[in-house]
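Please walk through the model shown below with the sequence at hand.

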Protein chains: 4
Amino acid sequence: MAGNTFGTLFKLTTFGESHGPALGGIIDGCPAGISLDFDAIEAEMQRRKPGQSKIVTQRKEPDSVRFLSGIFEGKTTGTPIGFVIENTNQKSNDYSHIKDTYRPSHADYTYDKKYGIRDYRGGGRSSARETASRVAAGAIAKQFLNDIKVTAYVSGVGNLELNTPYHQLDFSEIEKNPVRTADSTMAVTMENYIKQIRKEGDTVGGAISCVIQNVPVGLGEPVFDKLHAQLGKAMLSINAVKGFEYGSGFSGTKLKGSEHNDLFNEDGSTQTNHSGGVQGGISNGEDIYFKVAFKPVATIMQEQDTITSEGKMVAMQGKGRHDPCVVPRAVPIVEAMAALVLADFMLLNRSSKL
Amino acid sequence: MAGNTFGTLFKLTTFGESHGPALGGIIDGCPAGISLDFDAIEAEMQRRKPGQSKIVTQRKEPDSVRFLSGIFEGKTTGTPIGFVIENTNQKSNDYSHIKDTYRPSHADYTYDKKYGIRDYRGGGRSSARETASRVAAGAIAKQFLNDIKVTAYVSGVGNLELNTPYHQLDFSEIEKNPVRTADSTMAVTMENYIKQIRKEGDTVGGAISCVIQNVPVGLGEPVFDKLHAQLGKAMLSINAVKGFEYGSGFSGTKLKGSEHNDLFNEDGSTQTNHSGGVQGGISNGEDIYFKVAFKPVATIMQEQDTITSEGKMVAMQGKGRHDPCVVPRAVPIVEAMAALVLADFMLLNRSSKL
Amino acid sequence: MAGNTFGTLFKLTTFGESHGPALGGIIDGCPAGISLDFDAIEAEMQRRKPGQSKIVTQRKEPDSVRFLSGIFEGKTTGTPIGFVIENTNQKSNDYSHIKDTYRPSHADYTYDKKYGIRDYRGGGRSSARETASRVAAGAIAKQFLNDIKVTAYVSGVGNLELNTPYHQLDFSEIEKNPVRTADSTMAVTMENYIKQIRKEGDTVGGAISCVIQNVPVGLGEPVFDKLHAQLGKAMLSINAVKGFEYGSGFSGTKLKGSEHNDLFNEDGSTQTNHSGGVQGGISNGEDIYFKVAFKPVATIMQEQDTITSEGKMVAMQGKGRHDPCVVPRAVPIVEAMAALVLADFMLLNRSSKL
Amino acid sequence: MAGNTFGTLFKLTTFGESHGPALGGIIDGCPAGISLDFDAIEAEMQRRKPGQSKIVTQRKEPDSVRFLSGIFEGKTTGTPIGFVIENTNQKSNDYSHIKDTYRPSHADYTYDKKYGIRDYRGGGRSSARETASRVAAGAIAKQFLNDIKVTAYVSGVGNLELNTPYHQLDFSEIEKNPVRTADSTMAVTMENYIKQIRKEGDTVGGAISCVIQNVPVGLGEPVFDKLHAQLGKAMLSINAVKGFEYGSGFSGTKLKGSEHNDLFNEDGSTQTNHSGGVQGGISNGEDIYFKVAFKPVATIMQEQDTITSEGKMVAMQGKGRHDPCVVPRAVPIVEAMAALVLADFMLLNRSSKL
């Protein structure tokens, strides 16, 4: 239970370091009988992969998924789906600058202390490259979910915020701009800002909002495995995430009950949705929406002081090809994790009644 | 796996409805040999129990814990610790006003749809009364944690916010005021505000901040069971919670990497702590701090329109004794859940190395 | 994960020592909507309880189950079912003879070494009294299983064996004799033998056979959670069990494939059933049958040499009221564990297909 | 939780069908810092692989393991160990004879009914080829266990039984004969018998005994996860296994307590070992020994009647290269599963005490 498994019934276990031979995972518990659309899976991988636009890392990785089991004649068979994503771009880099050095706000120090050993080539297991496996699995979860629609978009880059309520946005804009925000004007502003940040050799944080539509009533398991609690864990498990809020979120703390309560319509739907589609930890059929906070990427192209594993102070500067802002590529990761959570609760909910 | 278990090695499973005969739980995996301080456990229960001050619900429940197993001659034995908290205050209430009615922003509707049956006496399993079991278990987890200090306090009530950085606060103030905030002046302002809200028959949201000190390096299991991901899930599993952020949180999204990175001191500690004591999902020895958002309590003493289970619109008004603001009593719950998370990761971390 | 939980979806967690205030457990994941027959539950408890006949321990315990949650108006609600069984017969015994002494073939030595502390009053957690909680939970599982019929009977006491194939036996005989064997003549022989053993101050081993009928096709999860693997674990977790075999079992090792293969009928049923109702770890609709081996109870009323916790050799003799042969009272335990396994796989199987 | 994961802390998840591109798995929770001996891992794979002698299947598979993660500079890093074993020998076979036909005593029928779809190329997931992943993982578990020695050997082939107590056997004989029995004379007899069976186009069952030496006191988690219960499950999860007994096993049912009890020596060791090294579910430091029953392989080279998926009766005959007796190649599988169980309990036991 060393933490590399996610889910109870629709269950993903992953492996792989950024500079090892390959990443991959096993999806156990995917129901039999899903006719897979492999192009759709590949499309998700393309949304996450490096090198896709000028505002993301220029590293090149094809990030193609090779499925090894659990699929027969295009359909899932109910047996575990093993898959591998080769690391083709592990050039024999010079890692001497980080071998004995702990990069600030990276996981170098903590991994070394926890395990007494560290794969110093890149971020190793702590690299966001690990999320490629999540996207592959999430793409299959999405196909299981079928009509349930999971849509994420960038709602913040540094101080630039897209605070328009989601139902006033045009989601078809999202994939039209490299930032993956849902507003064409804001897209340009954000893109330019990210380019400027990159020129400064710096990075910047951001936010992603996500909306899940057509959710059936009844998903989520009280009391510890509330739907939003598991969604929160899913999001917080993504690299660089510092916060999660759903429905009214932090701004809901300022409201009164008389303002916050979602009154019913006669059909059981609600007139407002401060609850964010979840009541008592269980989906109520309204849209689920939440927001995820990402800190700026730790690797910057500026010189910083840091320490060696011997505790000596040294100056270091980031090398290589890194994202100036992580959120454009994190959009499919947020969706993938949301899809995995939903798929798991869909299966768990099959046991609620006699 | 219907969601009533929390933790992997230090594991709590709970049961109980607000108006059934009793609540309780089983702690499985608590190491043998802890000399328990039962007064300290009882003190935690008192911090959570209803009726403790004028700004909380005036319901009366002694909320004493009866331990049934796993303890011998004052020490934990390594076998499961079963415990029960009797519901002494379940008067033969008249529930006719909610029996066939779904209260707005409660879990009545979702439970009924999910299970096809609903214990309509009070909130049933969805009542925050369930958290009594968490506090009992958390009190034992705290004793296992020993030197690791978990301190929560109210940092927001409606628009009133205590934004002073935690290291400038005097934690000894917290238990001196009924709001459980860490500033004596703010305490009075908040208390008065809550009283006013109660007079209006309304409720209000709030926020709780929590600080964990003296944490050893190495807690947290990458990649899905990151320390902060599990803390986030723990907090989001508490009734009424809508958001969680740790370290720089949502404000960190606005920073640049050059501003956000925590530079090292030579001893491995960091000069700043935007990371909130966690890097790569693993504790780095700095203080862990996080903030939790609570929505306003849904039961208000004002008339609201709502629907019956038949879908008819009816007017209803809250009855009984409810909290005008949940955060004062939620402080020990936040601490309890944090302690359970830490205890579990302490045990998990014993397996990291050969 | 200290081992006191059984099952994945239909999940039982238990607590309690033989001489503490109470035993009990929590069933989490029992589907909502089961109309419980409480008399049937009580009847199962009576089958297991001490003092029921002259060939079992003469200790007196009412062993009534008090349900604390998860049931409303006679039906399961889908929330966790907490229950308690009080230990009413814990007289202030004199345990000085075992306080510092390890009884041979008991768990005294291993518990003390594992935990560094031991509840020396009776067997503590290692006492078979713990199985009362299993029977209570199994009784509910049986009601969920409905048409699936689980029947166990004593098929061996010492050298006395009832080897008649189960379909030639009259199961209505089982509860008519105190041994719980399925043959009235053998019942008398076995009963007399047990009485003689008791007079000798000795104990004797035995065997229980179990048949599960009306099992739907498809239960069991390959590859590690095969139906028979989980049944085997369930049985081996019962005190004093030394072996498990299903279908052709150990005698199947001597057969050829041409003899052992179960040829199909046109309807998918099989002409023989060496497979024991399970193929590839999944039920095939035929009867599941298996046999469980119980060693003789370790506490005998004869003097034996043993050691103290200081490693000194001392003579000791069993005191108190013990079973001369454990199998008559273990019949409902075997059924309970089988029912728990089946219930869990019933729920798990709901996720097999799209 | 579809059953493809084994273990709690030292945890193996596997994937792969007999005729897909590859098999493999992920070991999560292997402690960091183990210097791996890759030759030893390869040697275990060779013991299991087909084609190694004249009495096993003549299929050719190199069965080399490719490790993809979790190992750096020859040492485990604490991150998940992903590995793949390519299926190089999947010739474009003609499966028309089994595509629509259920082979007797195979898992064809049950998989088809459970999942509504079946990978009909060979046994798919139900093939014993799946155990290659177990052997790879078990080989790593063995290296973690270090001084704990796991030794299995064939103790039965049809009616031929090697009943000599294990401490009178010379374990160095085991790998000297293709049957993997621990007696050179019996080895020849068994080998000849298997050859004869193969000539008949038939198969035969057998038994494997296993001994675990140098086990520390304290392994095993009461009450459901008793050491022997988990060992039993591990063994019963291996293809073709029909029974498990440890210590005195089924013959212990015939003994009296006065005969069966293991009296202590002053140092806590016991004079006899009917308990099989486990008391109360916890290892007591004595040798653990157990026996596993294997049924005859279902695929025989003789014509049998069977049914199609349409329920029509047809004659069929096994094709391809199959084992006439599974036990010689199952010896390393038994050891691997035992090693996985022990490794898991070693880690779990680290949490027993304060």
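In this predicted model, Tyr102(D) has Ile307(D) in β16(D) as its bridge partner. The two strands involved, β8(D) and strand β16 (residues 303-308) of chain D, are paired in the antiparallel sense over two bridges. They belong to an open sheet of three strands in chain D, with the order β8-β16-β17 and antiparallel pairing. Its edge strands are β8 (101-102) and β17 (313-317) of chain D, and each of these pairs on one side only. Strands of a sheet are held to one another by backbone hydrogen bonds, and the pairing can be parallel or antiparallel.

One place to look is Lys11(C), whose bridge partner in β3(C) is Asp28(C).

Strand pairing also joins one chain to another. Strand β12 (residues 241-246) of chain A and strand β12 (residues 241-246) of chain B run antiparallel and are joined by three bridges. In this pairing, Phe244(A) stands opposite Phe244(B) in β12(B).

How many residues do chain B and chain A each bring to their contact? The contact takes 108 residues from chain B and 108 residues from chain A. Together the two chains bury about 8500 Å², and 58% of this lies on carbon and sulfur atoms. Of the area that chain B buries against chain A, Lys114(B), Phe224(B) and Lys242(B) supply 11%, more than any other three residues. Eight salt bridges are counted between chain B and chain A. Lys114(B) takes part in a salt bridge too, its side chain meeting that of Glu221(A) at 2.9 Å, N to O. There are also 59 residue pairs in polar contact between chain B and chain A. Sorted by class, the side of chain B that touches chain A consists of 38 nonpolar, 46 polar and 24 charged residues.

Chain A also meets chain D. In this interface, 44 residues of chain A are in contact with 44 residues of chain D. The buried area is about 3500 Å², with 63% of it on carbon and sulfur atoms. Two salt bridges are found across the interface of chain A and chain D. Arg66(D) forms a salt bridge with Glu86(A), and their closest N and O atoms are 3.3 Å apart. Polar contacts between chain A and chain D amount to 12 residue pairs. Several elements of chain A supply at least two residues each to the side that touches chain D, among them β3 (22-28), β7 (81-86) and α3 (108-115). That side of chain A divides into 17 nonpolar, 16 polar and 11 charged residues.

Over all chains, the count comes to 54 aromatic pairs. Phe72(B) and Tyr120(C) make an edge-to-face pair, with 5.1 Å from centre to centre and 85° between the planes. This pair crosses between chains: Phe72(B) lies in strand β5 (residues 71-72) of chain B, while Tyr120(C) lies in the loop between α3 (108-115) and α4 (131-145) of chain C.

Methods. Residues are numbered from 1 along each chain as its sequence is written. Chains are lettered from A and ligands numbered from 1 in the order in which they are written. This is a predicted model: local features need pLDDT of at least 70, side-chain atom pairs count only at pLDDT 80 or more; totals for chains, interfaces and linings use all residues. Side-chain values use heavy atoms; hydrogens and water are left out. Contact means heavy atoms within 4.5 Å. Buried area is the accessible area (1.4 Å probe) that two parts lose on being put together, summed over both. A salt bridge is a side-chain nitrogen of Lys or Arg within 4 Å of a carboxyl oxygen of Asp or Glu. A polar contact is a pair of N or O atoms within 3.5 Å; within protein, one must be able to donate a hydrogen and the other to accept it, and residues adjacent in sequence count only if both atoms are side-chain atoms. Ala, Val, Leu, Ile, Met, Phe, Trp, Tyr, Cys and Pro count as nonpolar, Asp, Glu, Lys and Arg as charged, and the others, Gly among them, as polar. Two strands pair if DSSP finds at least two bridges between them. Helices (H or I, at least four residues) and strands (E, at least two) are DSSP runs, numbered from the N terminus. Rings of Phe, Tyr and Trp (its six-membered ring) pair if their centres lie within 6.5 Å; planes under 30 degrees apart count as stacked, over 60 as edge-to-face and the rest as tilted.
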